[in-house]
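Here is a short report on selected local features of one chain. Keep the sequence and the 3D view open as you read.

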Amino acid sequence: LAVMFRSCCDDTSGERFWMVFDGPVDAIWIESMNTVLDDNKKLCLVSGEIISMSPRMNLLFEPMDLSVASPATVSRVGMVYMEPSQLGWRPLLASWLEALPPTVSETDKTLLQDLFEWLVEPCLFFVRKSCRAPVPAQDINLVQGLMRLLLAHLDAWRVAEVDQSRPVDSAKSADVLTCYFLFSLVWSLG
């Protein structure tokens, strides 16, 4: 941590740095970060060295929980806590649709969104109520698996992006996407 913090502080390129802390919170470690999180923005090391945080540095914490963090630490950071069940899979879907190859038309994206809205919730309900999962998974993980499997089948759209002489047949794209979606739904959600 100290080496990375120091290299970001000493950098003169003018770039913005984001340090992401996404592991479990350790009581001793997070308490030593209090001086960085308060108005001083200085990292105080055990050796006595003090490293000042540069204005181009940002810290982002993504812990699973804050059970060992003191109220003083929690009060120093702007915090947004979201349960996976509260967030749901729809924001992930919106992001995924935006990241599809540009050769996937808006009509096709709307079709995919409609298919997700129509079938994912009933399938998740069925899986939760009527099936036994050997390995428990959150709904968002199951839907992410669906998206990955579906994306793996979009070769024609990726080829059309690279080779304009091989465009996607727009007359058949809705039927093809529906088939790919149903295949992916069965093999990902169960």
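## A loop lysine, a strand and a helix pair

Lys41 has 44% relative accessibility, so Lys41 counts as partly exposed. This is a predicted model. Lys41 lies in the loop that links helix H3 (34-37) to strand E2 (42-44). The phi angle of Lys41 is near 50°. That is a positive value in a residue other than glycine.

Next, strand E1. In a regular strand, side chains alternate between the two faces of the sheet. E1 covers residues 17-21 and has a covered face and an uncovered one. Phe17, Met19 and Phe21 make up the covered face. Trp18 and Val20 form the uncovered face. E1 pairs with strand E4 (residues 57-61) in the parallel sense, over 5 bridges. Within E4, Met57 is the bridge partner of Phe17.

Now the helices. Two packed helices are described by the angle and the distance between their axes. The axes of H7 and H10 cross at roughly 25° and come within 11 Å. Angles under 35 degrees count as roughly parallel, and H7 and H10 are therefore roughly parallel to each other. The crossing of H7 past H10 is right-handed. The residues of this contact divide into 15 nonpolar, 2 polar and 1 charged.

The two sides of the contact are set out here.

| Helix | Residues | Contact residues |
|---|---|---|
| H7 | residues 106-130 | Asp108, Leu111, Leu112, Leu115, Phe116, Leu119, Val120, Cys123, Leu124, Val127 |
| H10 | residues 170-189 | Ser173, Ala174, Leu177, Thr178, Phe181, Leu182, Leu185, Leu189 |

Note on methods: Residues are numbered from 1 along each chain as its sequence is written. This is a predicted model: local features need pLDDT of at least 70, side-chain atom pairs count only at pLDDT 80 or more; totals for chains, interfaces and linings use all residues. Side-chain values use heavy atoms; hydrogens and water are left out. Axes are lines fitted to C-alpha atoms, for helices over the stretch in contact, and angles run from 0 to 180 degrees between N-to-C directions. Helices (H or I, at least four residues) and strands (E, at least two) are DSSP runs, numbered from the N terminus. Angles under 35 degrees count as roughly parallel, over 145 as roughly antiparallel, 65 to 115 as roughly perpendicular and the rest as oblique. A crossing is left-handed if the near helix is turned anticlockwise from the far one by less than a right angle, and right-handed if clockwise. Contact means heavy atoms within 4.5 Å. Ala, Val, Leu, Ile, Met, Phe, Trp, Tyr, Cys and Pro count as nonpolar, Asp, Glu, Lys and Arg as charged, and the others, Gly among them, as polar. Buried means under 20% relative accessible area, exposed over 50%, partly exposed in between (1.4 Å probe, protein chains only). Two strands pair if DSSP finds at least two bridges between them.
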